Amino acid sequence: MAAFFPRWTNQIPLALAFGFPLSVVAIICAVWYWASPRYTDAGYRPEQPVEFSHRLHAGEMGMDCRYCHNTVERAAVAAIPPTKTCMNCHKLIKPESERLAPVRESFETGEPIRWNRVHLLPDLAAFDHAPHVAAGVGCNKCHGRIDQMDVVEQKEPLSMSWCLDCHRDPGPQLRPRDQVTNLAYNEHYDPDSDPKRKRKLDELVPPLHCSGCHR
Amino acid sequence: MPQPSTLRFVLGALVAITAACQGDRSAEPPVHLIRNMDHQQRFDAQEANPFFADGRGMRLPVDGTVAVGQLRDDGHLHRGRGLDGKLADALPSQIKLSRTFLKRGQERYGIYCTPCHDSAGTGEGIIVQRGAGMPRPPAFTDARLLSEPLGHFYDVVTNGVRNMPGYADQIPVEDRWAIVAYVRTLQRREYATLDHVPKRAAKQLGWTPPK
């Protein structure tokens with residue numbers, strides 16, 4: 001009787017023995033790398049209706065973040081400034097500029113500029129800027145060196161594990177309260193030996209329970 | 001066995017996918033396979049809402065209405081003017097002058113005023129220095145400004161003057177007074193004499209008043 005299975009089928013058990021575990025590992029690695037918010041979310045750099053450069057305003061000219069995002073210490077949201085804030089200066093500076101035309105138009109008509117949100121934190125996570133600023137977390141810890149970006153992009157994954165990394169060990173992320181908006185701050189800082197800090201590290205208990213952020 | 005052309009396609013696709021790295025820039029919004037509750041049935045601050053004709057999620061107050069707690073009826077605190085309608089030359093009674101208050105003023109001044117007025121108040125801020133069209137504001141030590149009452153500075157910060165815009169929208173009332181108080185200290189340090197220095201501070205610094 002002729003062989004029912006051709007000879008090459010003898011290799012199937014061996015191929016499966018090696019191939020199956022390898023492909024499982026490969027799939028796990030692929031999901032770990034390409035399904036992570038480090039891949040799916042970080043690097044998002046939408047085009048904006050106005051070519052506003054943070055590198056020029058915050059970097060070169062050294063304006064404080066809070067000149068425009070003035071609600072950051074008081075509210076959950078670091079508000080995108082109204083057009084009036086742009087016009088504080090641009091009424092006089094480059095009043096003929098082509099690139100500022102949408103700003104002038106918005107100021108005259110009262111129609112807001114539709115900026116594209118860069119950091120799209122899902123609605124299921126409640127984030128409040130105010131306590132983070134009050135605790136002394138620098139802007140650049142989450143937003144990166146905005147003062148070096150012409151077009152703002154998302155630098156960090158903003159994933160849950162990324163949040164928790166810091167919530168579990170906030171100490172190394174902190175800086176003096178008056179250095180929060182200094183994006184270049186890169187000094188060693190010990191929160192417990194800072195006489196100006198009201199709440200020491202022990203009193204600072206970032207929530208780790210679910211309802212701390214999901215509420 | 002699969003055809004070589006299929007194999008080449010699969011390999012090519014794999015290479016194309018795997019060549020993309022974490023953190024690569026993209027103008028396309030993030031793709032989430034599982035979108036549970038990413039967008040909930042609510043509108044966040046500054047979010048667009050197509051329900052309204054103007055597209056704003058945040059509604060403007062109805063014309064002629066005042067929200068609870070927003071009635072600015074204290075002439076001194078909110079307008080810098082006394083009962084006689086003249087600019088007051090004192091801090092409102094609600095505000096206590098203290099070291100922390102002045103420090104607050106210094107910090108707020110640094111955020112909102114230094115771009116034009118510079119940190120010492122000479123009017124040579126970075127925006128003026130760049131010469132892009134912003135005229136140089138007067139130094140706080142100008143004789144005219146030295147004789148102005150505190151209320152004048154509050155009024156200017158709130159409503160603006162000449163080329164300066166008003167900052168009522170950006171800076172809360174108490175912070176505006178803190179800035180005003182700090183501007184006064186910037187003026188003082190220009191013509192201060194040893195008599196102005198508290199005795200204890202002078203002793204610590206080793207300054208002795210002239211005999």
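1. A word on terms to begin: two residues are in contact if their C-beta atoms, placed from the backbone, lie within 7 Å. By that rule, 37 residues of chain A meet 33 residues of chain B. Three elements of chain A each give two or more residues to the side that touches chain B: helix 2 (37-40), helix 4 (65-68) and helix 5 (83-90). Helix 5 of chain A gives the most, with four residues. (Helices are DSSP runs of H or I with at least four residues, strands are runs of E with at least two, and both are numbered from the N terminus.)

2. What is the make-up by class of the side of chain A that touches chain B? That side has 18 nonpolar, seven polar and 12 charged residues. Here Ala, Val, Leu, Ile, Met, Phe, Trp, Tyr, Cys and Pro count as nonpolar, Asp, Glu, Lys and Arg as charged, and the others, Gly among them, as polar.

3. Please keep in mind that this is a predicted model, in which local features need pLDDT of at least 70 and side-chain atom pairs count only at pLDDT 80 or more, while totals for chains, interfaces and linings use all residues. Residues are numbered from 1 along each chain as its sequence is written, and chains are lettered from A and ligands numbered from 1 in the order in which they are written.

4. On confidence, the predictor gives the complex an ipTM of 0.81 and a pTM of 0.83. Chain B has a mean pLDDT of 85, with 96% of its residues at 70 or more; pLDDT is the predictor's confidence in each residue, from 0 to 100.

5. Chain B has nine helices and zero strands. Its radius of gyration is 29 Å, well over the 17 Å that the globule rule gives for 211 residues, so chain B is more spread out than a compact globule. (The radius is taken over C-alpha atoms, and the rule is 2.2 Å times the number of residues to the power 0.38.) Along its principal axes, the C-alpha trace of chain B spans about 105 × 50 × 40 Å.

6. Of the 211 residues of chain B, 18% count as buried, meaning that 20 or more other C-beta atoms, placed from the backbone, lie within 10 Å of a residue's own. B:Val183, in helix 8 (residues 173-191) of chain B, is buried, with 23 such atoms within 10 Å. Leaving out residues up to four places away in sequence, B:Val183 touches B:Gly121, B:Phe140 and B:Phe153.

Terms used
A residue is buried if 20 or more other C-beta atoms lie within 10 Å of its own, exposed if 12 or fewer, and partly exposed in between; C-beta atoms are placed from the backbone.
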